Amino acid sequence: MRKLLSFLCVATMLATCLVGVAVAEEKTKVVVWTAARADYDYMQGVIEEYNETNTSNIEIVYEVYSDNYQQVLELGFDTGNGPDIYYTAGPVFATVSYTGRALSLNDMLTDEQYEFYGGDSNFGNTINMRDGEILSLPYSISTVRLVYNQDIFDRVGIEKVPETFEEVIAAAKLITDELGDEGIYGFAINLKSPGSALGRTLDYMMQATCGLSNGYNFATGRYEFDKVTEIVAFLGQMFTDGSTFPGCDQLDIDPLRTQFAAGRIGMYYSYTGAEYGVYSSQFPTDVNWDFGPLTGNGTRVGLQGADGGKWYSINKDTKVPEAAFEVLTYLESLDVLVGSYEAGLHITMLDSVIENSETPTAIELHPLMAKQDTDSVWPLTPTNLVVEGESYYNVFAGYILGIPGYEDLDALAADLNTRYNAALDKGIADGTVTPIVYPNFDPMNPTGSMN
Amino acid sequence: MTKYFSKGIGFILKFVFLGIILLFTIYPVVYAVLGSLKTNMQLVLGDGFLPKTWEFKNYVYAFKKLNFFQYTYNSFVLCIMCTSFALVISSMTGYCMARYDFPLKRILNTLYLALMFVSLGSVTIYPVYMMMNSFGLTNNLLGLALVITGGQATNIFLVRGFVRSIPAELDESAKLDGCSKFGIYWHIMLPLSRPIIAVVGLFAFRGAWNDYITSMVFTIGRKSLQPLTVAVVSLRYSVNAAAEWHIMTAGATIAIIPILIVYVLTNKQFISGLTAGAIKG
Amino acid sequence: MQTSMKPNMRSRIGTVGKGFKENKQIYLMILPNVIMFALFSIYPIGWVLKYMFYQYDKINDPIFIGLDNFVRIFTRDPYFWKTVTNTFYYVGGKLLITLPVAFVIAVLLNKKFFGSRLMQSIVFMPTIMSASVMALIFYLILNPYSGALNTAMMKMNLISVPINWLSYYNALDTVIIVGVWGAIGNYMVYFLAGLQSVPEDIYESAELDGIGPVRKMFCITIPMMTPVLKTVVMLVLISSFQDIQSIMVLTEGGPNGASDVMFLYVYRMFFPISATTASTSQFGYGAALSVVCASLIGAVTILYLRATRKVDDMF
C-alpha cells in the first residue's frame, strides 16, 4: 500500500515535470489561429515553405480551431494567451477586432501595399477599419448561392435553374414527388444549428430582397423583422410541402454535404468559398453540381451581402508586432493568394490577384462562384446587444420546422421587433452598444452610402 | 405439471428480458468498435453492420496524423495526477476527521455536507478558470488535474466511514510506541484501508478519464493538451471541413479501451465501492 | 485482521482544544484539502453570489443592476421555465424507467447461475464510459436517414417510415433513454447489494409459511430494502439534474429547446454555442440562473427527505 502511494507520488512528479517542460526557442515564434478548415492542406504547405526559407528567423505556428472558435479566441485574450495573428472573417470581426483587440496597421502598411489590397474601394469603416484605423487586410470574398444537383434536375426535367421563391418551391416539390421513393429529396437545410442554417439563407436573402441586414434597417436605426416574413414563409413552405430531406432539424452542414455528395438532395444553399473545396477533396463526388443565383422574389431591393474585406488581424497585445506584420503580409502575399485562388479555395476580391492568375478551374466550372456585380460587402449592424429570450434564428427556425408554439409568423416577427429594439435602446442607454444609423443608406450601394 | 410449465415460461421470459437488456447495453459499444473499421462513407450512409473492408488504417491515421498518441498520453497523465491527488488528500483528511476532534472540525463537516448537495453547474468553470490563470496554471495539465480533483467531499466521507470501523486500540498502541499522528496514518491506517483506497482511486481515475466539460474549457486554446474525450468530440468539426465519423468511432474506441481494461481488472472494487457509499449513507 | 463495518464506539481520540502545537500535524494533514476546498468550492460560490447582481458581458465592465436579473428570470424568461419543466420531466422519466428495470435485473441476476457474473459486468459497463463520447455514438445510431436503429427497425418491418428520434417531439424522450442506458448498471449494483443484505432466515421462515414468490417480493424484499432504495433514489435525483454532457453532444438543447435542460441553458450563458453568429455572454444572468437552479434542486431534496421520513414511519 505504501509502495503504491509512493509510486503514485513519484509518478505524479515525473508527469508534472514532463508536462511542464518548456523548450527554449531561438526563433521568433508567431502564433496564428484560424477557423478556416477547408484550405488546411494548402496552408500547411505555405507555412512549411515559409518556415524553411525565411530569412528573418521567424517560425510560424499555425493552429486551426473550427469548434467554438470565438470562445477559444476570447478565452485566449482574456487570459493573455492569445495568438499573435488571428482569423477575423465572419462575425468575429465585430466582436473581437472592432471592439479593440486588433492592432492598427496604419503605420506599418506602405502605400504600395494599400494599393495592392485594392485601395479605397476595399477599405471602409466597420468593414476592416474603425475610425480611420485599418484593422485587417482584404483577402477573399464569399457569399451564398443556391447549390443544385444538375443530374437530378435533368432526371425530372427542370431546364432552367429556379430563381424566385415560387420556382424553388415548385422545383423542390417536383423532385420529391418523382424521386422521393428512391430516397431523393428536393431541398435540405442544416437546421440543427439555426444560426448556421439561417445565416446562409435568410441573412443574405433579406439583404437582397428587403434591404435589411440581420433584421436591422440602417436608415431608420430600428429592427424590422416583419419585413422578412416572406423569406421565412418561403423556407417553411417547403417543409409543409414535404419536399425536404428527412431530419433537417438535426442535420449539421457536414452530414448534409455527405448526403448531397451521395446524390440524395436536389438543392440547398451554401457559401461560394467553401463548397468547391468540400466536393473536390473532402467528399469527392460524381454528382454533377453547380451554383445558382440566390433566390429572391423577382425584385431586387439591395445588393446581396458578401463576407469579405477582412481576413487576419494582429493582436494588439502581441509581443512581436513587426514579426507579426511580416507574417501577415506573407500570408496575404501575391503568391499565396494566387495559389489559393487558382486552387479554388478562396474567391479573391483583389483585382491585383485576378490579373496575375489563371482563371481557376473552379470558376471555369462554376461561374457563379466568382464575385458578381450584385454582391457587395455590407457594414456592421449594432453589436453587443443583450437580447432577452431566443434569437431570431431560433424563432424563425421554430416556425420553419412547424414546431408548436411557433405558428403565427406575424406575431413572432412583432415580438422579435419588440425584444430586439428594446435591447438596442437599453444598450445605447447603458453605453454598451454604439448606435449605428445612416439616414442616407442605400441598399443598392451599401459601402458608398454609409452616411 | 402446470408448476413446471409456469416455471418454464418464467425461465424463458427471464432470459428474453435479460437478452434484450444485454443487447441494449452492449450494442453501442459494438457499433463503435465495428464502425471504427469502416470507411467514412459506409459509416455515415449506414451501409451494413459489419465493415465491408476492414480499415485498420483508420487507427493508424488517428494515431499518426491526428496526434492521438498525444491525446492518449494526456489522458493518462491527467488521470494519474488526479488519482494521486484524490488518494493523498482524501485519505489524510478522512483519517483526521474520523480520529480526531479539532477546532475546525465541525465547521468543515457542515460545509462539506452542505456543499455536496449544492451544485451550481458549469457556472463555476469561468471564475475557476480566471483564478487558475492568475496562478499561471491554465496552460498545463497540472492545473486541470487540480480543478478536477477539487474538494473531494464524497471521498472524504467514504474514507472517514471506513476508518471509523478500525478499532482505536491500534492507534493507541502505536502512540505508545512513540508514533506521531502522521506515522499512525502512514504505518497503520493506510495498509488497513486498502479496500476503500482502491475504491477512491478507481472512482477518481474514472472521473478524470471521462471528464468532458471542464477538460474542454481548460484546454480550449491548446490542442496539444487535450485529453481523449475532448479530442474525440471535437472531431465532429474537424480540420477537414467534413466530419470524420470513422475516425471519431476509432477515437471513441481508443477512449473506451483503457478504462474497460481497468474495469475488468478491478471489477469487484468498483461494485463494493458503490455499495459502501449506499449502505452506509 | 478482521475489521468490522459497524461504527466503533472507541474510534475517536480527542484532542480538543489542546492548543496549536498538539494539533499541528492534523492541520498540516488537512491543509491540502482545505486549500482545494476553499479554491474550488467556496471561491466559485462567492463569485456567483457576487455577480448575480451584475450585468456582465465580457466586453464591458460589470454593471451593478441589483435584483434585475432575478426579476428577469421570474417575469421575462419563459424559455428558462420551459427548460425547468424539461429537466423535471427528464429526471422523472429517468427515475421511473431506471429504478424498476435495474431492480428487476438485480433480482434476476442475484441468483448465481452460469454467466450471471458476466452479465452483471456487461450491464455495468456503460457507467464507466464517458457520457459525451458515447453520446456521439448514439447520435450516429439515431440518425433518421441512415442510422443503425432506423435501418434495423425497417428491416424488421417494425416501422415503414424512418422515425426522427431527435425531432421536437421525440428529443426529450430519446435523451431520457440515452440517460437510462448510462445509469442502469449503476443502480443495478446498488440493488444487488441491498438484496444481499436481506437476511436469509426471513426468506426461510416465509417459505415455511408457504408464501409465493410474488408476495415474497412485495411483502419482504422491498420493505427490507427501503434504506437502500431511499439512498439510491436520492442519488439518482441529484445526479440526474446535472446530466448535461450527453444532451450537449446529442442535441445541444434540441430543436428549439425541446431537450434543453436548466444547467445546459446556464452553460450557454457562459459559452454560447453558436456557429456563424456573434453572441454575447451574459455572466451575471448566468450566475443568477444557477442560483435559482441550485435552489430548485435544494427544495426538491428537502421535500424528498421529508417524504422519506414519512415512509420510514410507515415501516
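This is a predicted model: local features need pLDDT of at least 70, side-chain atom pairs count only at pLDDT 80 or more; totals for chains, interfaces and linings use all residues.
1. Salt bridges overall. How many salt bridges does a search of the whole structure find? Over all chains, the search finds 19 salt bridges. Some of them are taken up in the next points.

2. A pair between chains. Glu388(A) and Arg72(C) form a salt bridge through their side chains, with 3.8 Å from N to O. This pair crosses between chains: Glu388(A) sits in the loop between strand S15 (375-377) and helix H17 (392-401) of chain A, and Arg72(C) sits in helix H2 (residues 68-75) of chain C. Are the two residues buried or exposed? Glu388(A) and Arg72(C) are both buried.

3. A pair within one helix. In chain A, the side chains of Asp415(A) and Arg419(A) meet in a salt bridge at 3.0 Å, N to O. The two residues are separated by about one helical turn, because they are four residues apart in helix H18 (residues 409-430) of chain A. Asp415(A) has a relative accessible area of 38%, so it is partly exposed. Arg419(A) has 18% relative accessibility and therefore counts as buried, the cut-off for buried being under 20%.

4. Lys94(C) and Asp243(C) form a salt bridge with their side chains, at 2.8 Å from N to O. Lys94(C) counts as buried because its relative accessibility is 5%. For Asp243(C) the relative accessible area is 22%, so this residue is partly exposed.

5. A network. Which residues are joined into one network by salt bridges that share partners? They are Glu388(A), Asp68(C), Arg72(C) and Arg76(C). The pair Glu388(A) and Arg72(C), described in point 2, meets in a salt bridge and belongs to this network.

6. A negative surface patch. Which helix gives the largest share of the patch? Helix H2 (residues 40-53) of chain A does, with three residues. Asp335(A) is in helix H14 (residues 334-342) of chain A. Asp335(A) has a relative accessible area of 64%, so it is exposed; the cut-off for exposed is over 50%.

7. A nonpolar surface patch. In chain B, Phe11(B), Ile12(B), Phe15(B), Val16(B) and Ile20(B) make a nonpolar surface patch of about 500 Å². One of these residues, Phe11(B), is placed in helix H1 (residues 2-35) of chain B. Phe11(B) counts as exposed because its relative accessibility is 53%.

8. Two asparagines with positive phi. Asn57(A) has a phi near 60°, which is a positive value in a residue other than glycine. Asn57(A) is in the loop between H2 and strand S2 (58-64) of chain A. With a relative accessible area of 39%, Asn57(A) is partly exposed. Asn384(A) is not a glycine either, and its phi is positive, at about 75°. Where is Asn384(A) found? Asn384(A) lies in the loop between S15 and H17 of chain A. Its relative accessible area is 11%, so Asn384(A) is buried. Glu388(A), from point 2, is placed in the loop between S15 and H17 of chain A as well.

9. A serine in a loop. Ser130(C) lies in the loop between helix H4 (116-124) and helix H5 (131-141) of chain C. Ser130(C) has a relative accessible area of 5% and is therefore buried. What does the side chain of Ser130(C) make a polar contact with? Its partner is the side chain of Ser132(C), at 3.2 Å.

10. A methionine in helix H4. Met119(C) is in helix H4 of chain C. Because its relative accessible area is 14%, Met119(C) is buried. Met119(C) and Leu109(C) are 10 residues apart along the chain, and their C-alpha atoms are separated by 7.8 Å.

Note on methods
Residues are numbered from 1 along each chain as its sequence is written. Chains are lettered from A and ligands numbered from 1 in the order in which they are written. Side-chain values use heavy atoms; hydrogens and water are left out. Buried means under 20% relative accessible area, exposed over 50%, partly exposed in between (1.4 Å probe, protein chains only). A polar contact is a pair of N or O atoms within 3.5 Å; within protein, one must be able to donate a hydrogen and the other to accept it, and residues adjacent in sequence count only if both atoms are side-chain atoms. A salt bridge is a side-chain nitrogen of Lys or Arg within 4 Å of a carboxyl oxygen of Asp or Glu. Patches are made of residues with over 30% relative accessible area and no salt bridge: like charges are joined within 9 Å, nonpolar side chains (Val, Leu, Ile, Met, Phe, Trp, Tyr) within 5 Å. Accessible areas come from the Shrake-Rupley method with a 1.4 Å probe; for residues, only the protein chains shown count as cover.
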